[in-house]
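Subject: Structure handover and notes

Hello,

Here is the structure for your files. My notes on it follow below.

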Amino acid sequence: MSTTNYQPVPFEFERLPEEEMARRGREFLGRLGCRRSVREFSPDPVPRALIETAIAAANTAPSGANRQPWHFVAVSDPAIKAEIRVAAEAEEREFYEGGRAVEAWLEALAPLGTGWRKPFLETAPWLVAVFKQIFARAEDGAKGTNYYVNESVGIACGLFIAAVNEMGLTTLTHTPQPMRFLSRILGRPDSERPFILFPVGYPHPECQVPSITKKDLAQVSSWFEG
């Protein structure tokens with residue numbers, strides 16, 4: 001295997017005292033523990049700089065061969081948000097009422113209180129559509145390979161959610177299926193596919209969320225210690 005293109009640089013790293021590491025971890029976990037998926041947003045404006053910071057945080061994610069196979073499209077234009085809502089609700093109505101969803105799936109969604117109407121797509125001050133780049137496209141039009149695309153984009157989206165929460169904003173992972181309408185409305189190339197649509201903003205003062213819990217640590221982890 002050729003390594004002629006491998007040009008390493010020193011890794012700058014500060015090793016922290018264990019007490020400081022634990023403190024930071026607890027504080028971060030505490031803030032993440034307050035995170036909720038929100039479907040009722042305040043129309044209050046959110047500065048573009050905050051959305052840029054969240055996208056920049058997502059862009060630090062690791063990716064297969066460092067291809068960074070993602071593209072974030074941020075929308076605050078009311079007309080475009082309205083067009084997205086119309087298209088999304090058409091797909092969602094077909095899902096909930098048109099027979100796309102099997103009964104078991106609808107039963108699983110019942111505790112969340114969801115339905116086909118999605119007013120938050122217009123109310124939230126920002127919509128951030130994330131696209132996965134299923135292949136690379138060179139300037140001359142030639143196709144290139146991207147690796148571990150879904151895994152890479154999923155990690156980036158997780159960092160985006162964490163950054164939004166850390167700044168005191170709320171969001172929702174909205175995934176109407178199919179989402180091809182986002183490619184059409186937002187003018188994305190054939191090398192990309194919609195991955196997630198994030199409405200971002202402040203929660204409405206009277207916002208309510210489902211009464212749900214998370215699995216505890218013992219349910220989601222196994223340990224083999226030496």
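Two strands count as paired if DSSP finds at least two bridges between them. Helices (H or I, at least four residues) and strands (E, at least two) are DSSP runs, numbered from the N terminus.

On provenance: this is a predicted model, in which local features need pLDDT of at least 70 and side-chain atom pairs count only at pLDDT 80 or more, while totals for chains, interfaces and linings use all residues. Residues are numbered from 1 along each chain as its sequence is written, and side-chain values use heavy atoms, with hydrogens and water left out.

The sheet

Four strands form an open sheet in the order β1-β2-β6-β5, paired antiparallel. Its edges are β1 (70-75) and β5 (170-171), each of which pairs on one side only. Strands of a sheet pair through backbone hydrogen bonds, either parallel or antiparallel. The pairs are as follows:

- β1 and β2 (residues 126-133) run antiparallel and are joined by six bridges; Ala74 stands opposite Val128 in β2.
- β2 and β6 are antiparallel over eight bridges, with Gln133 opposite Glu192 in β6.
- β5 and β6 are antiparallel over two bridges, and Thr170 has Gly201 in β6 as its bridge partner.

β6 is mostly covered, with nine of its 10 residues buried. Buried here means under 20% relative accessible area, exposed means over 50%, and partly exposed is in between (1.4 Å probe, protein chains only).

Helix α6 and the cores

Helix α6 (residues 149-166) lies across β1, β2, β5 and β6 (192-201), and runs at about 10° to β6. Contact means heavy atoms within 4.5 Å; axes are lines fitted to C-alpha atoms, for helices over the stretch in contact, and angles run from 0 to 180 degrees between N-to-C directions.

A nonpolar core is a set of buried Ala, Val, Leu, Ile, Met, Phe, Trp, Tyr and Cys residues joined through side-chain atoms within 4.5 Å. The largest one has 23 residues, and Phe72, Val128, Val153, Cys157, Phe160, Phe198 and Val200 have the most contacts inside it. Two or more residues each come from α2 (48-58), β1, β2, α6 and β6. α6 gives the most, with eight residues. Leaving aside residues up to four places away in sequence, Cys157 touches Val130, Phe195, Ile196 and Phe198. A second, separate core has 20 residues, including Phe131, Leu182, Ile185 and Leu186.

Helix α3

Helix α3 (residues 78-97) has 20 residues and reaches 27 Å from first to last C-alpha, close to the expected 28 Å; the expected span is 1.5 Å times one less than the number of residues. Its buried residues include Lys81, Glu89, Glu91 and Glu92. The buried residues of α3 pack against β1, α4 (103-109), α5 (120-123), β2, α7 (180-186) and β6. At the start of α3, a side-chain oxygen of Asp77 comes within 2.8 Å of the backbone nitrogen of Ala79. Just after the helix, Gly99 has a positive phi of about 95°.

Backbone points to check

Most residues other than glycine have a negative phi, and most peptide bonds are trans. The bond from Gln177 to Pro178 is cis, with omega near -5°, and Pro178 is in the loop between β5 and α7. Asn66, in the loop between α2 and β1, has a positive phi near 55°. Asn66 counts as exposed because its relative accessibility is 54%. Tyr148 has a positive phi near 50° and is found in the loop between β4 (143-145) and α6. Tyr148 is also exposed, at 60% relative accessible area.

Regards

Note on methods: A polar contact is a pair of N or O atoms within 3.5 Å; within protein, one must be able to donate a hydrogen and the other to accept it, and residues adjacent in sequence count only if both atoms are side-chain atoms.
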